[in-house]
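Keep the sequence at hand.

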Amino acid sequence: MDTQLFNPARHRPDLRAQWGLEPDDPAVIYVGRLAAEKNLDLAVEAFRAMQARQPKARFILVGDGPAAAELSAQHPDLILAGVHIGEELAGYYASGDIFLFPSTSDTFGNVVLEAMASGLAVVSYDYAAGRQHLRHGESGMLARFDDAEQFMELATELVAEPDTWRRLGTQARAEAETVDWRCEHDRLEALFLEYAQAK
């Protein structure tokens with residue numbers, strides 16, 4: 001993973017047209033496993049609040065998992081894009097505007113860095129990857145850990161402010177460019193090794 005692959009330049013107007021979006025309509029993105037432990041209920045609830053504020057918003061979920069069928073049945077207007085990798089995945093990120101990361105269990109949060117590198121405004125908890133890489137109000141929006149109400153409030157305020165989400169996305173990209181990806185990889189590898197040795 002690097003900032004060449006995950007890059008705002010991979011923006012795809014054709015994808016946005018498939019999603020039913022005009023150029024200035026907000027695309028809200030989630031990338032990851034579609035499973036209960038990812039706090040998907042909050043992601044959907046936050047999106048519904050955003051949609052009430054900005055009816056033209058669309059929610060695109062990239063990934064698959066045990067919650068996919070139920071999500072599709074209960075929320076047929078959501079766009080379940082399935083699994084994508086490489087340049088295709090990078091195109092999905094770069095075609096979005098706001099990235100929701102509601103997880104309270106992911107410690108590394110690689111998708112946060114990918115979203116930042118792609119120039120998205122990230123809404124996350126002030127925890128793990130969000131806390132490490134985002135500055136509230138400058139390069140992202142950080143809710144108090146496990147405060148679902150504040151998470152939704154921040155997301156809802158953001159979707160109504162295109163200038164703000166664009167500014168945050170630009171700064172997030174700049175922050176991502178300062179991350180030494182090799183060091184991040186080495187750190188993750190060390191964590192895995194430490195975990196394996198403790199077993």
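The paragraphs below cover ring pairs, then a charged patch.

This is a predicted model: local features need pLDDT of at least 70, side-chain atom pairs count only at pLDDT 80 or more, and totals for chains, interfaces and linings use all residues. Residues are numbered from 1 along each chain as its sequence is written, and side-chain values use heavy atoms, without hydrogens and water.

How many aromatic pairs does a search of the whole structure find? It finds seven. Rings of Phe, Tyr and Trp (its six-membered ring) pair if their centres lie within 6.5 Å; planes under 30 degrees apart are stacked, over 60 edge-to-face, the rest tilted. Phe6 and Tyr93 are edge-to-face, because their centres lie 5.5 Å apart and their planes meet at 85°. Phe6 sits in the segment before helix H1 (13-18), and Tyr93 in helix H4 (residues 86-94), 87 residues apart. Helices here are DSSP runs (H or I, at least four residues), and strands are too (E, at least two), numbered from the N terminus. Both Phe6 and Tyr93 are buried. Buried means under 20% relative accessible area, exposed over 50%, partly exposed in between (1.4 Å probe, protein chains only).

Trp19 and Tyr92 form a tilted pair, 5.8 Å centre to centre with 50° between the planes. Trp19 lies in the loop between H1 and strand S1 (27-31), 73 residues from Tyr92 in helix H4. Trp19 has 4% relative accessibility, so Trp19 counts as buried. Tyr92, at 8%, is buried as well. Ring pairs also link Tyr125, Tyr127, Phe145 and Phe151 into a cluster.

Now the charge. Helix H7 (residues 148-159) contains Glu157. At 44% relative accessibility, Glu157 counts as partly exposed.
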